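This briefing is written for a reader meeting the structure for the first time. Please view the sequence and the model together before reading the points that follow.

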Amino acid sequence: MTQSSKAGKIFDVETVRLILSQVGPYRRRFTMTGILVLFLSALVWVRPALIRQAVDVHIAQGDMQGLLHIFLAVVGVLLVEAIVQYRVTYLANWVAQSVSLDLRAKLYRHLSRFRLQYFDRTPVGTLVTRHVSDIDGIANVFSNGILNAIGDLLSLFVVVAAMLWIHWELTLVVLLPIPMLLWATRVFQRHIKGAFVDVRNQVARINEFVQEHVTGMAIVQAFNREGAEARAFDVINGAHRDANIRSIWAFSVFFPVVEMLSATSVGLLLWLGIGRVVEGGLTLGIVLQFILYVFMLYRPIRQLADRFNVLQMGIVNADRVFKLLGRDERMPEPSHPISPSWSGEIVFDQVWFAYANKGDGTPDWVLRDVSFVIRPGERVAFVGATGAGKSSIVNLISRFYEFQQGSITLDGVDIRSIPVDQLRERIGVVLQDVFLFSGSLRENLRLHDASISDEHMWQAIRAVGAERFVERLPDALDHDVRERGITLSVGQRQLIAFVRAYLSNPQILILDEATSSIDSESEQWIQRATQALTEGRTSVLVAHRLNTVRDADRIVVLDKGQIVEQGSHDELVLTRGAYHKLFKMQFQQSIGT
């Protein structure tokens, strides 16, 4: 079913079923809430009946004692309703928040298994909206939606049944405006569903824009784009306002229509009822009871509009969340998993890889017919100009992306036959762009692995040479690095990434431009730590600065996704080929600076 066809539906039964299926572990409390809601709905006829008795019996006869009893009975009913309403509110919100908790955790776990290619094409703000706003909308279905809507409907049936039981002719007169109300309600429902879809789309756009531009605020300010980006935000913000106004317009029309029809019912009731009282066919208590019933009749109808608001918004939110949960963007797991020996031999055999297709649908190849062998314990460096395909090779070794043609084996085992978790557990990666999470330095080094002790961390810190700045931090391992490690310099963050790799004790080590952001002094420490870290391990080094890979066992030179030459530093310099040109260019630049 297409999105447009679903948006045109008033009530998406399949989505509602999926929403209710989340109640599972909390079915008992949800059922209890439903029973209490039904009990409240069944009480709506009692107070008007007591007031009728007070008017027709006790006031008419001057029975003050009986009137006092009626007063106490009304107070008792109100007290019972208040207590039950308290329990309904508490239980409904408890269930709503519990479902919200489970659904957020489920969505986050599901999303964390997606391949990186999905995140390349999906804005972060959209995913934040799914985790926060959309799941809040689903929670509202339980706290102020479906059960309350059922209770309101039952109240309507109880009130109408009580009115028919008392005086069916008067009831038919009171219900004359109802067909008009039903028609107005249906028109309202059709309009509001589309409006809510638009509102959610605009919320996602705002989240995307704000998240992206706050993250990139340094670029915005560096290029003096504050005014231009503010104007772009004004357009998105205005669209969000207009979408909300369209939904508000529906309510601003619907509620006056309900009030007008309610007043019409009361007017008809007074016109016919008072005449019957004068004639002696009705009592004043019955007319008063009917007036109260009319207000009780239209109050649930007004509330149903709000409940429908919550339900429609919840259905729109749930449709988005369940679509995301239904996506299978995970890296395919092997049907018959095989564990390699982990000696560290890596073989690329005629590998072709593209991140995306061109406009004509053909693959935009990043790697073309790449073949090489890395022997166990060998240190192999990949060099080349920007865009040559160096980082793509390490992405394929870690299975962050899937290649299209050829084969990659690890110790003779097809890399696609190794479980993804097992593969990444044995591979240590240090990237150029180091990401640190908000929290302490200890938490960023440990990454929630409680088995890593402080002593082990300090051992790794000293091995890498990071103790020079860690010991000077105000709280050492307890230092709060803030979002993205903003309290640390670029070089310090890079050293922390090396400590992480040291702590993971990988069988295969990948350093992807790991020293590109390091100053000359820090680079010397990194070189020493790299020697210790790569000892006895298969190591893949991706580098732009050639002086950092001179000691590699073998250097592979890439150009436009293809291997053009490989060998040791001395061998490649003597051949005076592509590597020699790169080395000479960087040497001259370093002399010039």
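Val540 touches Ile346, Ile374, Val380, Phe382, Val394, Ile397, Leu509, Ile510 and Leu511, leaving aside residues up to four places away in sequence. The model is predicted.

- Val540 belongs to strand 8, which covers residues 538-542.
- Its relative accessibility is 0%, and Val540 therefore counts as buried, the cut-off being under 20%.
- Between Val540 and Ile555 there are 10.0 Å from C-alpha to C-alpha, and the two are 15 residues apart in sequence.

- An open sheet is formed by four strands in the order 2-1-4-5, with antiparallel pairing.
- The edges are taken by strand 2 (363-374) and strand 5 (413-414); each has a single partner strand, so one side of each has no neighbour in the sheet.
- Strand 1 (residues 346-357) and strand 4 (residues 405-410) run antiparallel and are joined by five bridges.
- Phe348 stands opposite Ile408, a residue of strand 4.
- Helix 14 (residues 390-397) packs on this sheet and touches strand 1, strand 2 and strand 4.
- The direction of helix 14 makes about 110° with that of strand 1.

- Arg399 is found in the loop between helix 14 and strand 4.
- Is Arg399 buried or exposed? With a relative accessibility of 1%, Arg399 counts as buried.
- Not counting residues up to four places away in sequence, Arg399 touches Met331, Pro332, Ile415, Arg416, Ile418, Val420, Leu423 and Arg424.

**Helix 5 against helix 7**

- Helix 5 (residues 64-112) packs with helix 7 (residues 124-144) at an angle of about 155°, and their axes are 8 Å apart.
- Because angles over 145 degrees count as roughly antiparallel, helix 5 is roughly antiparallel to helix 7.
- The crossing of helix 5 past helix 7 is right-handed.
- Helix 5 contributes residues including Ala92, Val95, Val99, Leu103, Arg104 and Tyr108 to this contact, while those from helix 7 include Leu127, Arg130, Ile135, Asp136, Ile138 and Phe142.
- The residues of the contact of helix 5 with helix 7 comprise 14 nonpolar, four polar and three charged.

Conventions: Residues numbered from 1 in each chain as written. Predicted model: local features only at pLDDT ≥ 70, side-chain atom pairs only at ≥ 80, totals over all residues. Heavy atoms only, no water. Axes fitted to C-alpha atoms, helices over the stretch in contact; angles between N-to-C directions. Helix = DSSP H or I, 4+ residues; strand = E, 2+ residues; numbered from the N terminus. Parallel < 35°, antiparallel > 145°, perpendicular 65-115°, else oblique. Left-handed = near helix turned anticlockwise from the far one by under 90°. Contact = heavy atoms within 4.5 Å. Nonpolar A, V, L, I, M, F, W, Y, C, P; charged D, E, K, R; others polar. Pairing = 2+ DSSP bridges. Buried < 20%, exposed > 50% of the residue type's maximum accessible area, 1.4 Å probe, protein only.
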